[in-house]
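This report goes through the structure shown below, part by part. Please keep the sequence and the coordinates at hand while reading.

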Amino acid sequence: MSDWYTLGVDLGSTTAKAVISDSDGRLVAGEVVQMGAVSREGVRRAIDAVLERSGLTEADIVRTISTGYGRKLVPGADKSYTEITCHARGAVALRPGVELVIDIGGQDSKAIAIASDGLVDKFAMNDRCASGTGRFFDVLARALEVDITEVSDLALSGTEDLQVSSMCATFAETEVISLLAEGAEKADIAASVHRSVASRTLGLVSQVGKRKQVVMTGGVAKNAALVGFLSEALGTPIELLDEPQLAGAYGAALLARDEYASGLLRDDADAETERQMAQAFASITPHCADCDGHLDGPVRAVALGLPAVGHPVAAL
Amino acid sequence: MPVEVAEKPATENKFNRMSITSVAGKMAADYWEDIFTARERGKHIVWYNGSALNPVFQAAGLGWCHGEAFSARLAAQHLEVPAQQAGEEYGYLGELCSYSRTHLGCAVLTKRNLYDQSQSVVGEDDARELAAKLPAPDFFVNAYAGCSTGQQWDAMTYRVFDKKLPLFNVSLPMLWGNKPDSGYLVGEEFESASAYVAEQMKDMISFIESQTGTPFDWDALSENMTYIKRASELRLEAMALCAAAPTPATYWDWVASIAPINFMPANQALVDYFAGMKAEIEQRIRDGVPAVQNERYRFYFDGIMNWNKLGWLSRKFAEYDVAVIAGRYTHDAFWQEPDLIDPSDPLLGMAKNYLICPINSGLGVMKELLLRRIDEYGIDGIAFHSTRTCRVMTNPQQILARTAERERGTKSFFFEGDVADASFYRDDLLETRLIATLEAIDAQRVRAA
């Protein structure tokens with residue numbers, strides 16, 4: 001049982017994710033909530049659900065960090081980080097040694113290069129177009145009149161490589177409709193669109209440099225066909241996470257944990273210093289009635305590794 | 001854990017704009033008012049693009065209209081849309097350089113027989129206002145370095161005006177830097193290209209004489225270049241003072257000061273402006289007044305300015321304690337090598353300054369200059385403005401980003417936008433990339449500590 005817990009919330013364009021970490025950085029519970037669009041109601045549901053799943057209450061949460069497209073809308077967040085930092089932190093924790101994180105969410109896609117110390121080295125993001133993002137697959141599913149959960153299997157069964165533009169999600173939908181009108185097989189269209197997205201993602205990777213240890217995060221990582229096409233395009237295997245959508249929220253929870261722990265160390269140190277100095281002071285001046293609250297001369301912060309204080313210390 | 005909904009706090013403006021830039025605004029307004037009425041005062045009018053040929057035009061007694069400058073002005077005033085609509089209506093593609101699209105739209109409106117209000121999407125008042133502003137040209141001069149659109153721009157305007165007005169082209173060769181002795185300001189390629197351009201400028205002056213019927217005033221050109229040289233020296237001295245930390249002035253102040261050095265008349269007022277800028281910077285240093293409150297990051301800006309967003313960007317970067325100090329657009333352009341100018345025999349020095357336009361150099365020189373600026377100003381990060389309709393400025397940016405990272409460990413990010421078309425830009429995308437870069441710089445600092 002941990003003494004304290006932290007909360008990470010990733011408010012994306014289509015889903016809200018919440019993760020609770022314990023004081024050792026273990027993932028206690030995580031939740032993904034589907035939303036129609038970014039909403040405070042959605043993030044509230046995700047937080048409530050993760051608290052319920054973990055058996056914790058808000059009072060157990062000592063620090064909250066938000067991330068994602070809607071990070072500024074997260075209630076009670078102590079701080080925000082970008083999804084780049086959070087996905088990197090989460091991915092490194094889930095797969096130590098990872099060198100490249102490919103995060104494809106509902107609205108944007110990113111390639112994040114990780115330095116050997118686990119920190120972000122460089123990143124690249126898609127431009128304004130939604131091509132290559134989760135939204136792109138929604139468009140595909142609608143045009144093919146299949147459920148979004150079916151597009152991956154459909155793509156894996158495709159055999160023909162059709163030419164599909166990867167430059168614009170809107171125009172891609174038009175292209176898909178044209179291909180259907182020409183009698184192309186749905187499976188071949190789906191496969192071609194996936195190849196196109198893989199190609200576009202490869203462009204992002206080229207901006208940060210290809211690496212060997214690759215992890216994919218974000219909702220699109222659950223699309224096995226895309227992972228396969230992208231892996232083929234990269235020429236390297238892509239590791240899969242159990243819950244790739246939670247990586248960002250978990251990273252946020254870990255950052256909250258790191259920050260709280262470092263603050264706790266400082267608070268403990270301060271408290272211990274005060275206790276030791278109070279003891280020392282009391283032994284020197286057993287009669288405090290005349291004390292004005294100031295101590296002349298240096299005061300040592302004993303054995304705590306803190307810098308010595310060379311000025312009067314007020315009101316011990 | 002509190003459960004109240006987090007609201008974005010009202011943002012304080014932490015950018016401390018230099019007060020003298022308001023003088024530049026007044027100078028620019030006066031300049032344009034003067035151009036708008038130049039024909040009424042009997043002046044010949046030249047429309048031109050690219051290099052700062054204005055000292056020549058001034059010596060020839062012309063009224064001169066720099067197309068990019070007028071487009072930038074419209075964009076900065078958020079008045080560019082009707083002109084762009086007119087350009088697109090005429091047939092120019094939406095992805096054509098938005099400087100040229102805006103200016104060509106003005107040309108279409110100015111050439112009234114091309115414009116039928118009953119069939120136009122451009123509002124009547126907007127059309128009338130824009131058409132009434134710029135006086136139609138008597139002739140064109142083009143001297144565009146590096147950019148193929150720029151080199152064709154005046155030819156397009158020439159066609160808008162029925163191919164009936166004279167057009168003179170000055171060819172500025174790209175400084176590829178391929179020869180073994182090539183480098184910044186040195187080498188056979190640079191010397192031969194400079195001589196080639198200077199010879200063309202003599203022909204251009206003969207062309208102007210033939211158009212105006214008036215002998216060219218070479219003494220006036222020497223006088224103009226004396227003012228330009230001194231103004232440029234003061235500008236560079238003032239820029240160098242911004243190596244101080246915190247910086248007393250920012251890239252945004254230099255952007256706001258482009259108009260005077262780029263196309264306004266060469267005179268004592270120009271020199272006084274940059275003397276005043278230097279004095280204000282010196283005063284700020286003496287008083288400990290920073291350009292950005294709590295400066296924690298020092299940035300370089302690569303890309304042409306997004307004129308629609310000058311104020312917003314200056315505040316946005318400052319909000320995150322980022323002082324944007326220098327940039328390729330401001331620091332590697334606009335008479336940036338005054339030592340090359342000999343006012344008594346100015347053409348060769350002018351040609352050299354035109355050639356070292358920041359989009360006209362090979363990658364070797366671009367890398368050298370970028371690294372120099374990083375070192376001079378203690379740059380922590382770079383914002384690359386991926387200017388959507390300016391291919392020439394954006395083409396080398398990925399390589400420059402890699403060079404900065406590899407050679408100096410300097411982090412960078414890219415954001416899309418444009419020089420004069422706000423539709424290519426989104427605030428939230430810039431903000432996310434900026435914050436992510438600051439987080440990466442913080443991580444870098446932790447690592448180094």
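Two residues are in contact if their C-beta atoms, placed from the backbone, lie within 7 Å. The model described here is predicted.

## Chain A in outline

Chain A has 316 residues, of which 45% count as buried. Its secondary structure consists of 8 helices and 10 strands. Of the contacts in chain A that link residues at least 6 apart in sequence, 66% are between residues at least 24 apart.

## Strand β6 of chain A

Strand β6 of chain A covers residues 100–104, and it is largely enclosed by the rest of the structure because 5 of its 5 residues are buried. Both of its faces are covered: A:Leu100, A:Ile102 and A:Ile104 are buried on one side, A:Val101 and A:Asp103 on the other.

β6(A) pairs with β7(A) (residues 109–114) in the antiparallel sense, over 5 bridges.

## A:Val33

A:Val33 lies in strand β3 of chain A, which spans residues 27–34. Is A:Val33 buried or exposed? A residue counts as buried if 20 or more other C-beta atoms lie within 10 Å of its own. A:Val33 has 20 C-beta neighbours inside 10 Å and is therefore buried.

Setting aside neighbours within four places in sequence, A:Val33 is in contact with A:Thr15, A:Ala16, A:Gly42, A:Arg45, A:Ala46 and A:Ala49. A:Lys17 is 16 residues from A:Val33 in sequence, and their C-alpha atoms are 6.3 Å apart.

## Where chain A meets chain B

In the contact between the chains, 23 residues of chain A touch 20 residues of chain B. On the chain A side, the elements that give two or more residues are β4 (61–67), α2 (83–94) and β8 (120–125). β8(A) provides the largest share, 4 residues. By residue type, the chain A side divides into 11 nonpolar, 5 polar and 7 charged residues.

## The largest nonpolar core

The largest nonpolar core has 222 residues, and the members that touch the most others are A:Val9, B:Phe299, B:Val324 and B:Leu355. Helix α8 of chain A (residues 247–284) gives the most to this core, with 9 residues.

Which residues is B:Leu355 in contact with, leaving aside its neighbours within four places in sequence? They are B:Ala145, B:Leu172, B:Leu175, B:Ala193, B:Ser194, B:Val197 and B:Asn360.

## A sheet and a helix in chain B

Chain B contains an open sheet of 4 strands in the order β2-β1-β3-β4, with parallel pairing. Its edge strands, each pairing on one side only, are β2 (63–66) and β4 (167–169). From one strand to the next the twist averages 20°. Strand β3(B) (residues 139–143) is joined to β4(B) by 3 bridges, and the two run parallel. B:Phe140 stands opposite B:Leu167 of β4(B).

Helix α3 of chain B spans residues 67–76 and is mostly covered, with 10 of its 10 residues buried. Among them are the charged residues B:Glu68 and B:Arg73, as well as B:Phe70 and B:Leu74. Just after α3(B), B:His78 adopts a positive phi of about 60°.

Terms used. Residues numbered from 1 in each chain as written. Chains lettered and ligands numbered in written order. Predicted model: local features only at pLDDT ≥ 70, side-chain atom pairs only at ≥ 80, totals over all residues. Buried ≥ 20, exposed ≤ 12 C-beta atoms within 10 Å, placed from the backbone. Core = buried A, V, L, I, M, F, W, Y, C linked by C-beta atoms within 7 Å. Pairing = 2+ DSSP bridges. Axes fitted to C-alpha atoms, helices over the stretch in contact; angles between N-to-C directions.
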